[in-house]
Amino acid sequence: MKTIKLLFFHPVKGIARLRRIDGKIIKPLKISSNENFEVDILFQDIAPGPWHLIFEWEYNGNFFSIDKDIVVQ
């Protein structure tokens, strides 16, 4: 199992999506921060290599997103 950790300054609830650069998409995951405003995104059976992470969340009526290329080792 692989983990992506994100740290925030406020509570968050959202959706995380991972897409391989070749187009394979992992099922979207519902995500919530813990009491320290940390988000751990856990993925099973994820192949090493380049991936594209999209994390979208809402806070105080505003919508935000992280859109980033990552490399899984």
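## Phe64 and the basis of the report

Phe64 is found in strand β6, where a strand is a DSSP run of type E with at least two residues, a helix is a run of H or I with at least four residues, and both are numbered from the N terminus. Apart from neighbours within four places in sequence, Phe64 is in contact with Phe55, Glu56, Trp57 and Tyr59; contact means heavy atoms within 4.5 Å. The C-alpha atoms of Phe64 and Ile4 are separated by 18 Å, and these two residues are 60 residues apart along the chain.

The model is predicted, so that local features need pLDDT of at least 70 and side-chain atom pairs count only at pLDDT 80 or more, while totals for chains, interfaces and linings use all residues. Residues are numbered from 1 along each chain as its sequence is written, and side-chain values use heavy atoms, with hydrogens and water left out.

## Overall fold

The secondary structure of the protein consists of zero helices and six strands. Along the sequence, these elements follow the pattern β-β-β-β-β-β. The protein is as compact as a globular protein of its length, because its radius of gyration is 12 Å, close to the 11 Å that the globule rule gives for 73 residues. The radius of gyration is taken over C-alpha atoms, and the globule rule is 2.2 Å times the number of residues to the power 0.38. Taken along the principal axes, the C-alpha atoms fill a box of roughly 35 × 20 × 15 Å.

Among the contacts in the protein with a separation of 6 or more, 58% are between residues 24 or more positions apart.

## Surface and charge

Of the 73 residues in the protein, 33% are buried. Buried means under 20% relative accessible area, exposed means over 50%, and partly exposed lies in between (1.4 Å probe, protein chains only). The accessible surface of the protein comes to about 5200 Å², and 54% of this surface belongs to carbon and sulfur atoms. Accessible areas come from the Shrake-Rupley method with a 1.4 Å probe; for residues, only the protein chains shown count as cover.

The protein has 10 positive and 9 negative side chains. Lys and Arg count as positive and Asp and Glu as negative, whereas His and the chain ends are not counted. The centres of the two sets lie 5 Å apart, with the place of a charge taken as NZ of Lys, CZ of Arg, CG of Asp or CD of Glu.

## The aromatic cluster

The structure holds four aromatic pairs. Rings of Phe, Tyr and Trp (its six-membered ring) pair if their centres lie within 6.5 Å; planes under 30 degrees apart count as stacked, over 60 as edge-to-face and the rest as tilted. Phe55 and Trp57 form a stacked pair, at 5.2 Å centre to centre and with 25 degrees between the planes. Trp57 and Phe64 are also stacked, at 5.6 Å centre to centre and with 20 degrees between the planes. Ring pairs link Phe8, Phe55, Trp57 and Phe64 into a cluster.

Lys13 lies in strand β2 and counts as exposed because its relative accessibility is 62%. Lys13 and Trp57 are 44 residues apart in sequence and 5.6 Å apart in space, C-alpha to C-alpha. Not counting residues up to four places away in sequence, Lys13 touches Ile31, Ser32, Glu56, Trp57 and Glu58.

Ile15 is also placed in strand β2, which spans residues 13–20. At 24% relative accessibility, Ile15 counts as partly exposed. Leaving aside neighbours within four places in sequence, Ile15 is in contact with Pro28, Leu29, Lys30, Ile54, Phe55 and Glu56.

## Loop residues with positive phi

Phe37 is found in the loop between β3 (29–32) and β4 (38–43). Phi of Phe37 is near 65 degrees, a positive value in a residue other than glycine. Phe37 counts as partly exposed, at 29% relative accessibility.

Asn60 is placed in the loop between β5 (49–59) and β6 (62–72). Phi of Asn60 is near 50 degrees, again a positive value in a residue other than glycine. Asn60 is exposed, with a relative accessible area of 62%.
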